[in-house]
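Hello,

Here is the structure I promised to pass on. Please open it first, then read my notes below.

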Amino acid sequence: MCGSVGYVGTRPAVPLLVQGLRRLEYRGYDSAGVAYFNEGRIEIQKSEGRLENVERILGSLPGRAEAARCGIGHTRWATHGKPTTQNAHPHRTGHVVLVHNGIIENYQEIKKDLIARGHRPQSETDSELFGFLVLEEMEHESGLVEGVRRAFRKLEGACSVVVISEREPGIVVGVRNGSPLVAAVDPLGGAMVASDAQPLVEYTRDVYFLEHGEVVIGSTSGLKFVDLASGKP
């Protein structure tokens, strides 16, 4: 079962993400990765195999991730595509970076349409395809929250996503419509999301379990929630 973690706030993001993924290892996984902001750009470090592989990569890049205060992380259990670094999460499509849990049942139809529109997926996963849908929505002048909401409504199947974008640094957007998603306010300022409460309880015991069809927006100001179908608070 895949695991997701997202953070935005005042704490160093990368250690928090790695520790959160460590708390999700009980779910089992065959690849892992983190994405974080570095001087306005999102950097992704991921690897097949154990989380230690990602930690070694991060350790070889001293200073690159220390200033990050926003990012997302993932442990993947392969479903669509082999357990390779290329198929590991997070996935990037342009300025959009995401992690995904669950199954996109209509991924073949979506992939066919995206390729017909000129997109070229780089992985074997169904997850990467969602990034292209968000990218298209944002190119049509949607913001990140609305772009994620509109794109997610095109999916069939039980899943959840957590998304960040270089166009809107400092915002983490999550959607639940199947796979669990939990959110919390960081007492020091900011917000956290995860696949379950385990990565969050080190920082707070006050957590919100999203219902199906809910969107959570995390920022340094805390949390907001909107309805997936209507976009209303």
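Start with Glu156. This glutamate is partly exposed, because its relative accessible area is 45%, and partly exposed covers the range between under 20% (buried) and over 50% (exposed). Please keep in mind that this is a predicted model.

Where does glutamate 156 lie? Its place is the loop that runs between helix H5 (144–152) and strand E7 (159–165). Glu156 also belongs to a surface patch of negative charge. Glu105, Glu109 and Asp113 gather there with Glu156.

Now a contrasting site, Val173. This valine sits in strand E8, residues 172–177. Buried or exposed? Valine 173 is buried: its relative accessible area is 0%, and the cut-off for buried is under 20%. Valine 145 is 28 residues away from valine 173 along the chain. Their C-alpha atoms are separated by 6.4 Å.

Next, the overall picture. The protein has five helices and 13 strands. Of its 233 residues, 58% are buried. Along the principal axes, the C-alpha trace spans about 45 × 40 × 35 Å.

Best wishes

Technical notes
Residues are numbered from 1 along each chain as its sequence is written. This is a predicted model: local features need pLDDT of at least 70, side-chain atom pairs count only at pLDDT 80 or more; totals for chains, interfaces and linings use all residues. Side-chain values use heavy atoms; hydrogens and water are left out. Patches are made of residues with over 30% relative accessible area and no salt bridge: like charges are joined within 9 Å, nonpolar side chains (Val, Leu, Ile, Met, Phe, Trp, Tyr) within 5 Å. Accessible areas come from the Shrake-Rupley method with a 1.4 Å probe; for residues, only the protein chains shown count as cover. A salt bridge is a side-chain nitrogen of Lys or Arg within 4 Å of a carboxyl oxygen of Asp or Glu. Lys and Arg count as positive and Asp and Glu as negative; His and the chain ends are not counted. The place of a charge is taken as NZ of Lys, CZ of Arg, CG of Asp or CD of Glu. Helices (H or I, at least four residues) and strands (E, at least two) are DSSP runs, numbered from the N terminus. Buried means under 20% relative accessible area, exposed over 50%, partly exposed in between (1.4 Å probe, protein chains only).
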